[in-house]
Amino acid sequence: MTTTATRVIVTGKPSRRTLFRRSRPEHFERPGARARGRRETLAGYGFLVPWMIGFFGLTIVPMVYSLYLSFTKYNLFAPPKWIGFDNYVRMFTDDPSFMQSAQITLIYVLVGTPITLAAALGVAMLLNYRDRGAGFFRSAFYAPSLIGGSVSVAIVWRAMFAADGPVDNGLSFFGIDLGGWIGNPSLVLPAMILLAVWQFGATMVIFLAGLKQIPKELYEAAEMDGAGPWHRFRAVTLPMLSPVIFFNLLLGLIGAFQVFSTAYIISNGSGGPAGMTNFITLYLYKRGFSDGQMGYAAAIAWVLLIVVAIIAFILFRTQRSWVHYAGDNR
């Protein structure tokens, strides 16, 4: 028995030499490894510098400055004049055009988003059970989402739904004479919603990816228990697809609040007829760049941001009651 072992047995404490041996690392760091790690860290931060410059210079700083401008009277040609909350008070108490714009935008969001999600989910479920030609149909349904927001498509859409356009002539063939959708205050908003629904391709692809991840054993077990197609959809498809539904719903709502180019093209920038395409983003543009009221436009932009943030917060807070993740014990 060694002296160290004897000391441990007798005293219960190891010697200093034993402590030194235990504290000494088995593998020493090779020379230059620490310097090389430091260089790699600096290189990583160096690659982040352009993004940081863009994030702060093109996002954070303009946002903070626009928040300041929302409390001022500013027309691009004179220095901003501080007026406090006057822009916000005017917005909700002395601007009926803004209230109409907010109402139209909410109708567009609350009607167009669910219809788009339903259409995308329906087509995704059809493609999920189709093998022959599935790639072609996926591409065909996805293509409108790539070009739907372009100016050219908005021009074509306006021509299709105008008086004596293809849609008007097709309906007249069946005895339905509407006189065009674009010039009709009661039909121009449905035409805009149809354009949004037509662009469901990206949402459909995400739904299709989610459907591919649902185990087939769950459908087989439900079918053995006597569940029909509707019950399998409610008990298996919707719960397993709820995270994807939540993701598409959140993106759909945020995107619907930002509609601008199609409304601008279809109405020629006027927001007509009767202000039925005067969405908040278009109204903001008109106030800021047409009327020169940049301070008031900044206030509208911040109200829009707050509304979208509140909706996103509500969705995240309520997701625990209807969104089910794999391995969740709730």
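Start by selecting Ala196, Gln199, Gly252, Gly255 and Ala256: of the 25 residues that line the largest pocket, these lie nearest its centre. A pocket here is an open set of points on a 1 Å grid over the protein atoms alone, where a 1.4 Å probe fits, with protein on both sides within 12 Å along at least five of seven lines; lining residues have an atom within 4 Å of a point. The model is predicted, so local features need pLDDT of at least 70 and side-chain atom pairs count only at pLDDT 80 or more, while totals for chains, interfaces and linings use all residues. Residues are numbered from 1 along each chain as its sequence is written, and side-chain values use heavy atoms, with hydrogens and water left out.

**Stop 1: around the largest pocket**

The volume of the largest pocket is about 600 Å³, where a volume is the space filled by probe spheres set on the grid points, joined across faces, edges and corners. Now colour H5 (96–128), H9 (188–198), H10 (201–212), H12 (229–257) and H13 (261–266): each of these helices supplies at least two residues of the lining of the largest pocket. Helices (H or I, at least four residues) and strands (E, at least two) are DSSP runs, numbered from the N terminus. Which classes of residue make up the lining of the largest pocket? There are 12 nonpolar, 13 polar and no charged residues. In this scheme Ala, Val, Leu, Ile, Met, Phe, Trp, Tyr, Cys and Pro count as nonpolar, Asp, Glu, Lys and Arg as charged, and the others, Gly among them, as polar.

Stay with Ala256, which is in helix H12. Ala256 has a relative accessible area of 10% and is therefore buried; buried means under 20%, exposed over 50%, and partly exposed in between (1.4 Å probe, protein chains only). Show its partners next: Ala256 touches Tyr108, Val109 and Thr113, leaving aside residues up to four places away in sequence. Contact means heavy atoms within 4.5 Å.

**Stop 2: where H5 meets H9**

Two packed helices are described by the angle between their axes and the distance between the axes. For H5 and H9, the angle is about 40 degrees and the axes are 9 Å apart. The axes are lines fitted to C-alpha atoms over the stretch in contact, and angles run from 0 to 180 degrees between N-to-C directions. The crossing of H5 and H9 is right-handed, that is, the near helix is turned clockwise from the far one by less than a right angle.

To see both faces, select Ile104, Ile107, Tyr108, Val111, Gly112, Ile115, Thr116 and Ala119 in H5, which meet Leu189, Met192, Ile193, Ala196 and Val197 in H9. This contact has 11 nonpolar, 2 polar and no charged residues.

Zoom in on Thr116, which lies in helix H5. Thr116 is buried because its relative accessibility is 13%. Ala196, Val197 and Phe200 are touched by Thr116, not counting residues up to four places away in sequence. From Thr116 to Gly201, 85 residues apart along the chain, the C-alpha atoms are separated by 9.5 Å.

Then look along H9 itself, where 8 of its 11 residues are buried. Leu195 and Ala191 are among them, and the buried residues of H9 pack against H5, H7 and H13.

**Stop 3: the second largest pocket**

Move on to Thr281, Leu284, Ala297, Ala301 and Leu304, which lie nearest the centre of the second largest pocket, lined by 15 residues. About 360 Å³ of space lies there. Helix H14 (280–290) and helix H15 (294–318) each supply at least two residues of the lining, and H15 gives the largest share, 7 residues. By class, the lining has 11 nonpolar, 4 polar and no charged residues.

**Stop 4**

In the loop between H13 and H14, find Pro273: the peptide bond from Gly272 to Pro273 is cis, with omega near 0 degrees.

Next, go to Leu76, in the loop between strand E1 (72–73) and strand E2 (81–82). Leu76 is not a glycine, yet it has a positive phi of about 75 degrees. Is Leu76 buried, exposed or partly exposed? At a relative accessible area of 47%, Leu76 is partly exposed.

Finish at Asp164, in the loop between helix H7 (151–160) and helix H8 (166–173). Its phi is also positive, near 65 degrees, and Asp164 is exposed, with a relative accessible area of 64%.
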